[in-house]
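Please read the following report alongside the sequence and the coordinates. It takes up a hairpin and its sheet, then a cavity, and then the nonpolar cores.

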Amino acid sequence: MTAYSLRARLLALWVLLLTSAAATAYLMYGVYNQSTGVQVAQTEIAVARACRAIIDRYALLVHDRGGRIAEGDLAEMVEAALGRFGEVEGGIWSASDGSVAYAYPTYEGTGPKTDVPAAERDTIAAVNAEALRVDHAVPQRRPSRTQVMLLQGCPLHGPEPGLTAWAMGRARVNDGPTYTRFVAGLGFLAATVLGSAALLGRFLYGFSGRIARLEAALATQPDGEDLPRLDRTGERELDRLVDALNAAGGRLREARARVVAAERLATAGRLAASIAHEIRNPIAAMRLKAENALASGDPNRATLALEAMLGQIARVDTLLRDLLNLTQARPLHRIPTAIAPLLTECARLHEDLATAGNVRIETVLDGLPGSDHPHIDRAQVARALDNLLLNALQHTPAGGRVRLAAARDTVDGTMRLRLRVSDTGPGVDPAIRTSLFEPFVTGRPDGTGLGLAIVHEIALAHRGAAGLVDNAPETTFCLELPWRPS
């Protein structure tokens, strides 16, 4: 099943909102066009009926009066014929004299309207001439921005030739109650939709920004560190998540502190037992030498006993020095460090020991960048490499080789520095392989077992790791460190 983010779903909702608004506006426009079409059709029907009413009234007047009819009678007849048609004007038109009668009974001005509209006079004359020529009713439409003018001319058959009846009405298309309702509805739709879209867009933008800030705060946390203390966003739902993360981070820190305390206590117990064992043997040997020297009374034997005791004291001193190096925590001083000079320096320090054992030291750099350097504590990493090199030289037979290599790799999107020390020695005893980096674990009778433990502590201090590479063609120890602390 495909999982969609909340941001994608809100964006889809925003698009649907705008689409539905456009569709609604289109439907409203269609309904408005239909309503205006109905108004035009109704006005057209009213104009045709009004023209027919004038014809009927004229025929009745001719029947009653006979002969020539006075213009006053014609005007009264036209007014009576148009009285029942709202907003329709009309009259009698003569081909030779023009308008002979005019009426607009439903005119809403301050007084009765008695003159033919000057702007439409030529159009009225043309329509009446056409009706007289074809001898039947002639309709005409003249649309404008706010209205459609509907005009019809009808021939009159009577004693006087060249007469026609005409009627005219106007249908408002961008004016009046229908247009007002359409504009009001469209404006309300635009205001609500645009307002909703703006609010949704603002929420989406703010929500995305708050999520991005939370992601940035979590992404900049160094590897292995506790969860950071996140600032509240001001968004209630997100702040509930922030509070839960902060609370979980607090519980994690407390649990880690308890684990560290327990590990320190267990380590202290193991160290105490190991130290007691390591120191007890030299003390027992010194005591035996001293007792034998005193019992014999031989000055030469006393001298030999003192020399042996000095050797045991040196052994105890070495043990205590390594122990202090392991247990004394030193703060890291990370600086951008060039790796090639560091490896060369470490190799040079052990040249004499390698020459004495007929062992060759090689350094290999696999594509390290020239300008971008890892941020590490140079002194402590050099100390770890010294321990690894010394361990490799002590286990490599004459004619063998020790290789010191460095490379930059990317693991889970994070750049890492890999330092490897390989040797052609016999390898690690399987019996101690799993506990190789624990204090006092060693495969040499004269070893203290603290060298690799110190390497392990330096790696942990850098939020890295130290280990023995499995399935390598040579005995290879790897020190893996973050390229940058965050």
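## Hairpin and sheet

Strands S3 and S4 form a hairpin with three residues between them, and they pair in the antiparallel sense over six bridges, where strands (E, at least two residues) and helices (H or I, at least four) are DSSP runs numbered from the N terminus, and two strands pair if DSSP finds at least two bridges between them. This is a predicted model, in which local features need pLDDT of at least 70 and side-chain atom pairs count only at pLDDT 80 or more, while totals for chains, interfaces and linings use all residues. Residues are numbered from 1 along each chain as its sequence is written, and side-chain values use heavy atoms, with hydrogens and water left out. On the S5 side, S4 and S5 pair in the antiparallel sense over nine bridges, and Cys154 has Ala165 of S5 as its bridge partner.

Strand S1 (residues 88–94) pairs with S2 in the antiparallel sense over five bridges, and the partner of Gly91 in S2 is Tyr102.

Eight of the nine residues of S4 are buried, that is, under 20% relative accessible area with a 1.4 Å probe and protein chains only. The second largest cavity has a volume of about 30 Å³ and is lined by Glu44, Val47, Pro139, Gln140, Leu150, Leu151 and Gln152. S4 gives the most to this lining, with three residues, and helix H1 (6–65), S3 and S4 each supply at least two. A cavity is here a set of points, on a 1 Å grid over the protein atoms alone, where a 1.4 Å probe fits but cannot get out, and lining residues have an atom within 4 Å of a point.

## Nonpolar cores

The largest nonpolar core has 35 residues, and those with the most contacts inside it are Leu385, Leu419, Val421 and Leu479; such a core is a set of buried Ala, Val, Leu, Ile, Met, Phe, Trp, Tyr and Cys residues joined through side-chain atoms within 4.5 Å. Elements giving two or more residues to this core include helix H9 (378–395), strand S10 (414–423) and strand S12 (475–482), and the largest share, eight residues, comes from H9. Leu419 touches, among others beyond four places away in sequence, Ile339, Leu343, Val381, Leu385 and Phe477. A second, separate core of 31 residues includes Val40, Ile54, Val88 and Ala101.

Terms used:
Buried means under 20% relative accessible area, exposed over 50%, partly exposed in between (1.4 Å probe, protein chains only). Contact means heavy atoms within 4.5 Å. On a 1 Å grid over the protein atoms alone, a cavity is a set of points where a 1.4 Å probe fits but cannot get out, and a pocket is an open set with protein on both sides within 12 Å along at least five of seven lines; lining residues have an atom within 4 Å of a point. Grid points are joined across faces, edges and corners, and a volume is the space filled by probe spheres set on the points.
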